[in-house]
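Visitor: I am new to this structure, and I would like to learn how to read its pockets and its packed helices.
Guide: Let us look at it together, one feature at a time.

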Amino acid sequence: LIVFYFWPILATFLNTFSSFDPFGGRTFAGLENYRTLLSDSFIPRAVLNTAIYTAIVLLGIPISVWIASLMSQKGLRFSRFYQVLFFLPAVSMPVAVALVWRMIFNKEFGVANWALSLIGIEGPYWVTAPWWALLAVSIVGLWASLPLAIIILSAGLQGIPAELYEAAQLDGASTLRQFFAVTVPLLTPSIFFLTIITAINGFQLFDLLYALMGPTNPAMSRTQSLVYLFYEQAFGQNDKGYASAIAMLILAIIGLITVVQFRLQKKWVNYD
């Protein structure tokens, strides 16, 4: 824990007080990196982009609850096949997935614009227009988040006693009523766990954005995430001191969100 977790965090924090030259030398810079952080016009945009991406990806949780509930129905044929099918994105290489989705979102011959053309809509430039590029990345992120969520929720569904559904049926509850009165409340611990890891993963957006759009994309400056901004400063501009300040900002935001989630979970998570 000390070597692989606490020391890197401490070393990054110490780097925020230093200025690095291209040859690796460092000088003490005081709070200059934090002053730059507060005045950098790219920071608010990167925070907003990352928050929008995370919010859209979180929508995958209710979708996963619905899919997991469908797959857990008794007598469902080919249930194992469906489980394997939904889990495939989790074992696929992120870069390979991004390349496939780049073809799907292609303006000229992509499947997405072809489907829109069937209903008379001209598809946009998905990965080169700032707003559409962020939406495209978010859609892929939501799709990629489903496998793990479905597996965790399926395991949670198996832990719900069948007697509760039988009692609900005797009381005259419909299938929809059973879902909202029995299934969802008893899945809240699993849902809470998924909100934590999904929010953390959302604010760590980098590889999908980099592979789907590319560093030379004209929309990247208005679509970049916080981690991409960190990467650009650390390895593009070779400003490791300022990049470390961005990393500490990311750590602070993730920590704050996690604390808020743990506080709020007392009001809606059912552990009984």
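**Pockets and packed helices**

Guide: The residues that line the second largest pocket divide into 17 nonpolar, seven polar and one charged. Please keep in mind as we go on that this is a predicted model.

Visitor: Which residues lie closest to the centre of the largest pocket?
Guide: The largest pocket, with a volume of about 820 Å³, is lined by 24 residues, of which Ser69, Ser72, Gln73, Lys74 and Tyr165 are the closest to its centre. At least two lining residues are supplied by each of helix 4 (60-71), helix 5 (79-87), helix 8 (130-158), helix 9 (162-170) and helix 10 (175-202). Sorted by kind, the lining of this pocket holds ten nonpolar, eleven polar and three charged residues.

Visitor: How should I read a pair of packed helices, and at what angle do helix 13 and helix 14 pack?
Guide: In general, two packed helices are described by the angle between their axes and the distance between the axes. For helix 13 (residues 226-236) and helix 14 the angle is about 165 degrees, and the axes are 8 Å apart. Since an angle over 145 degrees counts as roughly antiparallel, helix 13 and helix 14 are therefore roughly antiparallel to each other. Their contact involves, among others, Leu226, Phe230 and Gln233 of helix 13 and Lys240, Ala247 and Ile253 of helix 14. The residues of this contact between helix 13 and helix 14 are twelve nonpolar, one polar and one charged.

Visitor: Where does helix 1 meet helix 14?
Guide: Ile9, Thr12, Phe13 and Asn15 in helix 1 touch Gly241, Ser244, Ala247, Met248 and Leu251 in helix 14. This contact of helix 1 with helix 14 comprises five nonpolar residues, four polar ones and no charged ones. The axes of helix 1 (residues 2-15) and helix 14 (residues 240-268) come within 7 Å and cross at roughly 125 degrees, and the two helices are therefore oblique to each other. The crossing of helix 1 and helix 14 is left-handed.

Note on methods. Residues are numbered from 1 along each chain as its sequence is written. This is a predicted model: local features need pLDDT of at least 70, side-chain atom pairs count only at pLDDT 80 or more; totals for chains, interfaces and linings use all residues. Side-chain values use heavy atoms; hydrogens and water are left out. Axes are lines fitted to C-alpha atoms, for helices over the stretch in contact, and angles run from 0 to 180 degrees between N-to-C directions. Helices (H or I, at least four residues) and strands (E, at least two) are DSSP runs, numbered from the N terminus. Angles under 35 degrees count as roughly parallel, over 145 as roughly antiparallel, 65 to 115 as roughly perpendicular and the rest as oblique. A crossing is left-handed if the near helix is turned anticlockwise from the far one by less than a right angle, and right-handed if clockwise. Contact means heavy atoms within 4.5 Å. Ala, Val, Leu, Ile, Met, Phe, Trp, Tyr, Cys and Pro count as nonpolar, Asp, Glu, Lys and Arg as charged, and the others, Gly among them, as polar. On a 1 Å grid over the protein atoms alone, a cavity is a set of points where a 1.4 Å probe fits but cannot get out, and a pocket is an open set with protein on both sides within 12 Å along at least five of seven lines; lining residues have an atom within 4 Å of a point. Grid points are joined across faces, edges and corners, and a volume is the space filled by probe spheres set on the points.
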